[in-house]
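Open the model in your viewer and follow the stops below in order. Each one says what to select and what is there.

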Amino acid sequence: MQIGAHVRDDDPLAAAAELDAEVVQFFLSDPQGWKAPQPHPRAAELKDSEVRVFVHSPYVINVASLNNRIRIPSRKAVLQQVAAAAEVGAEGVVVHGGHVTKNDDPAEGVANWRKLFERQQQEGGFEVPVLIENTAGGANAMARGFDDLARLWDAVGEFGAGFCLDTCHAHSAGEDLVGIVERVRSITGRLDLVHLNNSRDGFGSRRDRHANIGSGSIDPEVLREVCATANAPVVLETPPEGQAEDIAYLRG
């Protein structure tokens, strides 16, 4: 059971040492922008480190979108993030499942995800795995409920798509966390990363507001059970001031 956190991007290894973390996740570019990642100043250290590294892509990416002005830059951004992630020795790039608008057919959003993987397979595949993350809300989301996730995986699973489970997102989407690891694997056949977060909001709220392990609406023992059974690296995206305590609780 290897546990870490989403940390500052300037010096992830120093942050890992402060938290006694075995895993780190960070951004390689502005999470709210489209600019391509620049070479990371500590790329060689990160690549040589024993700390496991994951990259979170910018939130603006929406591969599913039917709007060309969003979808086309999103595809380009995923490729840029993957290339930059390879330079820091990352094991995966987390990309939110995205959505189409309320008047669009969700099947077309699923098809857009498939096109991304199909096209990249023709180029030899992704240098670093793309880990699709479940989301808390959004109209016609691709990976909110697990029925949605199953439809998406029918389209992309054959290409080796990875999966990142966010516990806050699942809870807010109305998915029971008890036994969720087994349910995920029954759909995707894999679980590559867990974002272990409590939620400031209630079950089914469709709101994405993270809380520290002991202070949200999810029973902390349920979160600890997810951590214990996931057989995957765990990253906390909880408020930084409580992350050390969160890690200690989970290890306990």
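Start with the whole chain and its contacts, a contact being heavy atoms within 4.5 Å. Of the contacts in the protein with a separation of 6 or more, 74% are between residues 24 or more positions apart. This is a predicted model, in which local features need pLDDT of at least 70 and side-chain atom pairs count only at pLDDT 80 or more, while totals for chains, interfaces and linings use all residues. Residues are numbered from 1 along each chain as its sequence is written, and side-chain values use heavy atoms, with hydrogens and water left out.

Switch to a cartoon. The protein has 9 helices and 10 strands; these are DSSP runs numbered from the N terminus, helices being H or I of at least four residues and strands E of at least two. The radius of gyration is 17 Å, close to the 18 Å that the globule rule gives for 252 residues, so the protein is as compact as a globular protein of that length. That radius is taken over C-alpha atoms, and the rule is 2.2 Å times the number of residues to the power 0.38. The C-alpha trace spans about 45 × 40 × 30 Å along its principal axes.

Colour by relative accessible area next. Buried residues make up 54% of the 252, where buried means under 20%, exposed over 50% and partly exposed in between (1.4 Å probe, protein chains only).

Now show the rings of Phe, Tyr and Trp (its six-membered ring), which pair if their centres lie within 6.5 Å; planes under 30 degrees apart count as stacked, over 60 as edge-to-face and the rest as tilted. The count comes to 5 aromatic pairs.

Select phenylalanine 27 and tyrosine 59. Their pair is edge-to-face, at 5.6 Å centre to centre with 80° between the planes. Phenylalanine 27 is in the loop between strand 2 (23-26) and helix 2 (43-48) and tyrosine 59 in the loop between strand 3 (52-56) and helix 3 (68-87), so the pair ties together parts 32 residues apart in sequence. Phenylalanine 27 is buried at 13% relative accessibility, whereas tyrosine 59 is partly exposed at 40%.

Move to phenylalanine 117 and phenylalanine 159. Their ring centres are 6.4 Å apart and their planes at 15°, so this pair is stacked. Phenylalanine 117 belongs to helix 4 (residues 106-122), and phenylalanine 159 to the loop between helix 5 (146-156) and strand 6 (162-166), 42 residues apart. Both are buried.
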